[in-house]
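The sequence and coordinates come first.

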Amino acid sequence: MKKAILTGNEAIARGAYEHGVKVAAAYPGTPSTEILENITKYEDIYAQWSCNEKVALEVGIGSSLAGARTLVAMKHVGVNVAADPLMTFAYTGVNGGMVLISADDPGMHSSQNEQDNRLFARFAKVPLLEPSDSQEAKDFVGAALNLSEQFDVPVMLRTTTRIAHSMSEVTLGERVEEGLKPYHKASQKYVMIPAYARVRHQLLEEKLVELKQFSQESNLNRIEWGDREIGVITSGICYQYVKEALPDASCLKLGMPYPFPEKLVREFAAGVKKLYVVEELEPFLEEEVKVLGLEAVGKEIFPLTGEINASMILERIGGKEKPAPLTLKDYSLEEIPMRPPVMCAGCPHRGVFYILKKLDLIVTGDIGCYTLGCLPPLDSMDSCICMGASIGTALGMEKADPTLKGRVVAVIGDSTFFHSGLTGTLDVVYNLGSSTLIILDNRTTAMTGHQDHPGTGRTLKKEPGEPADLEGIVKALGIDRVVLADPLNLEEVERVVSQEIGVQESSVIIFRSPCALTVKEKDAPAQVNEECVYCTNCVDLGCPAMVNDTQSEEVRVTQEQCTGCGLCIQVCDFDAIEKAGEAGE
């Protein structure tokens, strides 16, 4: 058998291929993005980026109803967006098997919260599977699809960042082609008017009873007997941490933690002297254990936030001190300068935030790499809630305090605007708002790795299409004032923003310039000449190519990083920054 070293995301893509998935849809979001990017390697699967997670799931529902095995992927907060169709899809059930991948992010490596979507599975009343390595990530896709078709219900497969991005050995198999299941019109199953939905809800409750029995007997859950002084119930990546820290302890590994395998847990608890529950974030397993009247130690010794690791388990259950961290010779932590996250050198968003700060505006922001505009020295974003929230937040501030008119702007990226900015914009129009909306259009989904979206005119598989007309869409939503401007021209940025916040109607400014990381031909870099008086105005741009040497009171430009965007030249009042070569060098 062929073997390969795969990340969890690569393994999930492989699992979709081997287990006959025909349609896959997603919206990119760390740590789930690479699932769809790897599925594109398999020609047997139709794969697409959708505008947002709700649409992705709705596409998946359509595919399932048509009889195809289907995979839909998203990060944890994406399930919030997709929750509306998910809650009802649990009632209707499937035709072709459906697996929903929820990639959670304990520790918030790249997320605005660290919600635990095991609770979402229980909330939606859909079975939950949790792989502990890449092999299981692949195999559990097949298990989820089989379970989905056997019990006529969508299944959630929940990973976390460590599973999604870490690599382990996987045994590869061949694709097993699954034919389309015949579609039969079944209004009472798929049309959820109240009279039909009441019946389907009852059926779902009955399925959960059968699923609990399945969970108790399935080899997805297993007891590993060892030293019976300590017994640990765990799931997902925490299983690996437990095995590393307490290799001799007894362990109940739950690959299918919901519905909760009550009898299996009772059997395990009765066989050990002291019971522990090890899980990241919410006490999902611990609460189920305690509802059974069993004594267990969990969140008394483990945190409700962030990630767990083997050292923590060794210390808090094993009673041993944490191993000393590895140290390098001739290494001093103090020697390493702080490197806070910043916008890239040459980022076209930088100048916009510089001007918004200069104008002392209230900025409601959104999700994307431009959210870094909240950090010093730009420090020009007041709020960031979730995808698409900037527009509604600005409208709400304007309605609450009309005197804020002319001081509030909403800022959103192009991909995020297509994701969920459309409805907010329509709400501004409908409710007679006069907000100023700024769309930072760099023609890509930059934050997650430059994925395409409707505005790029390319599909996930790079098939050419018609790029969405952003200006036309905004006007179609009812906003007549649409201004297109160059974000790398600071004079133009200030003039346009000042003009639009002063009008008495809603308006949209589109600042369009490609992401600096997608531009292959760079302009000549900047350099500082002898006219510099060390005023540090240029440093206020927060460009990582600018070096502020406070000891020698000099500012330099790192030529290798500079893209030649010219923003620093524009903010210098002393003509002390010029393009390299202009001084005859």
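Strand β4 (residues 69-75) and strand β5 (residues 98-104) run parallel and are joined by 6 bridges. Within this pair, T70 stands opposite M98 in β5. This is a predicted model in which local features need pLDDT of at least 70 and side-chain atom pairs count only at pLDDT 80 or more, while totals for chains, interfaces and linings use all residues. Residues are numbered from 1 along each chain as its sequence is written, and side-chain values use heavy atoms, with hydrogens and water left out.

Helices (H or I, at least four residues) and strands (E, at least two) are DSSP runs, numbered from the N terminus; two strands pair if DSSP finds at least two bridges between them. An open sheet of 6 strands has the order β3-β2-β4-β5-β7-β6, with parallel pairing. Its edge strands, β3 (46-49) and β6 (128-129), each pair on one side only. Helix α6 (residues 134-151) lies across β2 (21-26), β4, β5, β6 and β7 (155-160), and runs at about 160° to β7. Axes are lines fitted to C-alpha atoms, for helices over the stretch in contact (heavy atoms within 4.5 Å), and angles run from 0 to 180 degrees between N-to-C directions.

A hairpin is formed by β20 and β21, with 4 residues between them; E553 in the turn has a positive phi of about 50°. The two strands run antiparallel, and 4 bridges join β20 (residues 546-549) to β21. V547 has R556 in β21 as its bridge partner. Side chains alternate along β21 (residues 554-557) as tabulated. Buried means under 20% relative accessible area, exposed over 50%, and partly exposed in between (1.4 Å probe, protein chains only).

Helix α14 is largely enclosed by the rest of the structure, because 8 of its 10 residues are buried. Among them are H349, R350, F353 and Y354. The buried residues of α14 pack against β13 (362-365), β15 (408-413), β16 (436-441), α18 (490-501), β18 (507-512) and α19 (567-571). D360, which follows α14, has a positive phi near 55°.

I336 is in the loop between α13 (310-316) and α14 (349-358). This residue is partly exposed, with a relative accessible area of 45%.
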